[in-house]
Amino acid sequence: MNTPETATITIGDESYEFPLLVGSEGEVGIDIGQLRKLTGCITLDPGYGNTGSCTSAVTFVDGEKGILRHRGYPIEDLAANSSFIETAMLLIFGELPISSEREEFRTRLREQELLHEDLLHHFDGFPPNGQPMAILSAVVNSLSSYHPDLLDIQSDEEFRMAVAKIISKVRTIAAFSYRKSVGRPFMYPNPNLSYCSNFLHMMFSNPYTTYMPTPEAIRALSLFLIVHADHEQNCSCSTVRMVGSSQANLFASVSSGICALWGRLHGGANAAVIDMLDHLQAGDLSIKQYLELVKQKKMRLMGFGHRVYKNFDPRARILKSAAHNLIQNMDTQDDELIRIAQELEDAALNDDYFTSRKLYPNVDFYSGLILRALGIPVNMFPVMFAIGRMPGWIAHWYEEFCDPQLKIHRPRQVYIGKTTRQYIPIELR
Ligand code: CMC
């Protein structure tokens, strides 16, 4: 059936026509831009499950079919063939780079990997054991004070410079926030290392002892970052676009994305998965007992379910096999944890409660196991997600920045509070 060009909304005796917008993958949206003007009504959609906040050409997700594509490229192909930096360039600049472009960008990243020495004092303002996520968002926001020339971007060159600073420095800030939280000296970045190796070096090397990650560890980290690179209009991305819509600068906007990512229902879920698996390993509850509590809605099965994916999450498939590859050859207790994860997944997927609600493992179900096997502590998990998601946030911020039709985001509400009341002086209340 051909998609009609308009949709009709009838309120009382009046009918109104609204244009339909068809996306390049066939998604249909009702353009209700004139709704309030014509009808006096607004739409109500808590959680925005039915609301398109923008048009976008960055990432396509089909939750029913388990499809995720960046700029048209399937995530499976990017995971198999691309690096995190190349994927980041694809998202941000719109195309896979040719060799010279990639080399030029890598050089910029190397040049930008150090932090201004004064910025290092900011880390001292945080308490011992300070949350790395709090440090990350604060220090990324502080970058705006160190680069005032990039607050009001006027050219492609300025944008490329701001991108290189953020993508490179976020990794340094993340590693330093960890070093600060465990009271170890900062390890300066080594320009001879790749993006992922350099991060692991800053995390785990010590003065006079260089950390040597295995190729499997570097590959697993790279895959982790690639599958987190973007996921269209999720909570943190929408936050970045919301903040950016006020014409806030790029550093401040992505810093707000870090804050939005922090919660247990978004970037905090991978840590919650490990917490859940640890409890199961400790024998506090059997898998059956745990799932019973979930079904009684006393708990959630962390790492399961997704607002968009209702069949499978393609990122979870990639990370599941990466977790098995990484952990298989390691002498680690995580063997046991991955076995419990598999049992839990099998039990849930054979249970009508989960299948009838279309609840499947999401990206976080296996990502925590990878991070743990890499030696990354649980309070750094959302920070790792933030490093990975940075290209997506930047791509969306820039897409909006370049939109000549951009309006500040300002949703409305249906007010349900008290109507006008007379003010009562305090002595009479
Ligand atoms: N465990 C148990 N029940 C669940 C779960 C879960 N993880 N997720 C959803 N449900 C149930 C929910 O109780 C509801 O049941 P009923 O119809 O009986 O009321 C039904 O499934 C629909 O759930 P919902 O809460 O309306 O779904 P949502 O789209 O609002 O929530 C979600 C999506 C991801 C917040 C949710 O599935 C969840 O809390 N999952 C666990 C946390 C998690 O793993 N988060 C990471 C998400 S993936 C990373 C990312 O992209 O941010």
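A salt bridge is a side-chain nitrogen of Lys or Arg within 4 Å of a carboxyl oxygen of Asp or Glu. Glu104, Arg108, Glu157 and Arg160 are linked in a network of such bridges.

This is a predicted model: local features need pLDDT of at least 70, side-chain atom pairs count only at pLDDT 80 or more, and totals for chains, interfaces and linings use all residues. Residues are numbered from 1 along each chain as its sequence is written, and side-chain values use heavy atoms, with hydrogens and water left out.

## Salt bridges

Side chains of opposite charge can pair when their charged atoms come close. How many salt bridges does a search of the whole structure find? The count is 17. The table shows some of them.

| Pair | Closest N to O distance |
|---|---|
| Glu104 and Arg108 | 2.7 Å |

The Glu345 and Lys320 pair links distant parts of the chain. Glu345 sits in helix H15 (residues 334-349), Lys320 in helix H14 (residues 314-328), and they are 25 residues apart. Helices (H or I, at least four residues) and strands (E, at least two) are DSSP runs, numbered from the N terminus.

Glu104 and Arg108 both belong to helix H4 (residues 99-111). They are four residues apart, so about one helical turn separates them.

How covered are these residues? Buried means under 20% relative accessible area, exposed over 50%, and partly exposed in between (1.4 Å probe, protein chains only). Arg108 is buried at 9%, while Glu104 is partly exposed at 32%. Glu345 is buried at 8%, whereas Lys320 is partly exposed at 23%. Arg110 is partly exposed at 34%, and Glu103 is partly exposed at 41%.

## The nonpolar core

A nonpolar core is a set of buried Ala, Val, Leu, Ile, Met, Phe, Trp, Tyr and Cys residues joined through side-chain atoms within 4.5 Å. The largest one here has 113 residues. Which residues have the most contacts inside it? They are Phe199, Met276, Leu301, Ile376 and Ile394.

Take Phe199. Contact means heavy atoms within 4.5 Å. Leaving aside neighbours within four places in sequence, Phe199 touches Arg171, Ala174, Ala175, Leu221, Ile376, Met380, Met384 and Ile387.

Two strands pair if DSSP finds at least two bridges between them. Three strands form an open sheet in the order S4-S5-S6, with antiparallel pairing. S4 and strand S6 (73-74) are the edge strands, and each pairs on one side only.

S4 and strand S5 (residues 67-70) pair over four bridges. Thr59 has His70 in S5 as its bridge partner. Asp62 stands opposite Ile67 in S5. The hairpin of S4 and S5 has four residues between the strands, and Gly66 takes a positive phi near 70° there.

Are the faces of S4 covered or uncovered? Both are covered. Thr59 and Val61 on one side, and Phe60 and Asp62 on the other, are all buried.

Ile42 lies in the loop between helix H1 (35-39) and strand S4 (59-62). Ile42 is partly exposed, at 32% relative accessibility.

Gly29 is found in strand S3 (residues 28-30). Gly29 is partly exposed at 28%. Leaving aside neighbours within four places in sequence, Gly29 is in contact with Pro19, Leu20 and Leu21. Gly29 and Phe354 are 325 residues apart in sequence and 29 Å apart in space, C-alpha to C-alpha.
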